[in-house]
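Dear colleague,

I am handing over the structure below, together with some notes on what came out of the analysis. Please read the notes with the structure open beside you.

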Amino acid sequence: MSFLQRINPAWFLAGAAFFLPIKPAPVNLLVLLACVFAVLNKQCRGAILHFCVRKELIPLWLLLGFLASTYIYASNEVSAYSEFISKYGRLALIPILASVLLTPENRRLIGQGFLAGMVIVLVLSYAIWLGVDPSLFGSKATDMYAIPSNPTVFKSHITHNFFLVIAIYLWVVCLAKSENSLFKFFYTLLCLIGLVNLFGMIDGRTGWLVFMVIPLYFGYQKLGLKGFLLAGFIFVSLLVSAYFLVDNIHDRFSTTWLEIQQVLQGQPQKETSIGERVMYLTASWFAFLNAPLFGHGLGGIQGAVQPLVEVAGWPTFYNPHNQFLMFMLQGGVIALILYLWFFGVAVYRSTQSAWSHTYVLPLLMMYLVGNLLNSFHFDFAESMGFVFLYAVLLGNTK
């Protein structure tokens, strides 16, 4: 083997996973390097071709092909189309990255890289909370981010909380599997400071809802449906208790209730998160009904919703903050069915082995919940995280 062929592409993927919750530019560069060295590696080249024709990816190729064909729609806006096709095009990297993740060692390396990055993010978040200037970390303080009352570091609070939930789950698994008392203490500490950061310091209700996947998963795993219901009851009870004990949770839920009251009174406010989501959902649904089968095209969302939002005096938008609605707007029922087929295959395959049932299935469920509240295939960090996750699953699946 030549020197270039001896370079393990997984090293670059681990670096990309490390920077995933931090900065996008290194992620792009490191993924590119991983792809280059995967193509140079004879074993990986053969695996790439094998994965491209795997039945798990048939719905993905159909989905990407159909969405690409919407370029011909009269309602399509070219610049918006180009933006979306490049974002969804990241999913085409799955077979290339999967070829690098055939061994448990390489898959473990990816997880270690991501968790190391999350440790850095967590430490710096506490530093900002304690009053350290975020510019020292290359982060810019705004009215909403990188401030002591909402100490995110590099990403918005939604991304921060979502990745933190994933990290907490993986630390819990590491804690359960570790036999070293020092490591057990370290993972316990990470879980505790992560939970405090998630519920007591960072804004964002999305992360709190996504976190519910963890107790529900463990409850169902231990006691079946009874455990699932019991875990849900305990989680809700703890959240109600936290409402009276934790200022951050009290403030966010009080704001939520006020915004819900405004919606119930028929006066959703465009400057509030609940009001905005009501506007997104309402306008998106009626726009979908105007083209339910084939949609309005990748670049047609803004044009489709604009007449509806103008009547209500709301600003137009191109992201309904719900990935399922976004596919429905762009490609109608056809796109939604293809995506659900693609996602459903991943869920089914993740139940076929103990390893993927532990390390992949819960994370897929987190994406399922997150995509109900946001468009995670549109946002860079979350979309690349999904590509890594699916590639890990495919690399582990025979």
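A residue counts as buried when its relative accessible area is under 20%, as exposed when that area is over 50%, and as partly exposed in between. Please keep in mind throughout that this is a predicted model.

With that cut-off, Ala146 is buried, because its relative accessible area is 3%. Ala146 sits in the loop that links helix H8 (104-129) to helix H9 (157-177), and its phi is near 55°, which is a positive value in a residue other than glycine. A positive phi is also found at His321, where the angle is near 60° and the residue is again not glycine. His321 belongs to the loop between helix H15 (301-312) and H16, and with a relative accessible area of 23% His321 is partly exposed.

As for the chain as a whole, its secondary structure consists of 19 helices and 0 strands. Of its 398 residues, 52% count as buried, and the accessible surface comes to about 18300 Å², with 70% of that area belonging to carbon and sulfur atoms.

Two helix pairs may interest you. The axes of helix H5 (residues 58-69) and helix H16 (residues 323-350) come within 8 Å and cross at roughly 170°, and the two helices are therefore roughly antiparallel to each other. On the H5 side the contact involves Ile58, Pro59, Leu60, Leu62, Leu63, Phe66 and Leu67, which meet Phe327, Gly331, Ile334, Ala335, Leu338, Tyr339, Trp341 and Phe342 of H16. Sorted by class, the residues of this contact are 14 nonpolar and 1 polar, with no charged residue.

In the other pair, the axes of helix H3 (residues 24-40) and helix H19 (residues 380-396) come within 11 Å, with a crossing angle of roughly 30°, which means that H3 runs roughly parallel to H19. The crossing of H3 and H19 is left-handed, and the contact is made by Pro24, Val27, Asn28 and Val31 from H3 together with Phe380, Met384 and Phe388 from H19. Here the residues divide into 6 nonpolar and 1 polar, and no charged residue takes part in the contact of H3 with H19.

Notes
Residues numbered from 1 in each chain as written. Predicted model: local features only at pLDDT ≥ 70, side-chain atom pairs only at ≥ 80, totals over all residues. Heavy atoms only, no water. Axes fitted to C-alpha atoms, helices over the stretch in contact; angles between N-to-C directions. Helix = DSSP H or I, 4+ residues; strand = E, 2+ residues; numbered from the N terminus. Parallel < 35°, antiparallel > 145°, perpendicular 65-115°, else oblique. Left-handed = near helix turned anticlockwise from the far one by under 90°. Contact = heavy atoms within 4.5 Å. Nonpolar A, V, L, I, M, F, W, Y, C, P; charged D, E, K, R; others polar. Buried < 20%, exposed > 50% of the residue type's maximum accessible area, 1.4 Å probe, protein only. Areas by Shrake-Rupley, 256 points an atom, 1.4 Å probe, with all protein chains shown as cover.
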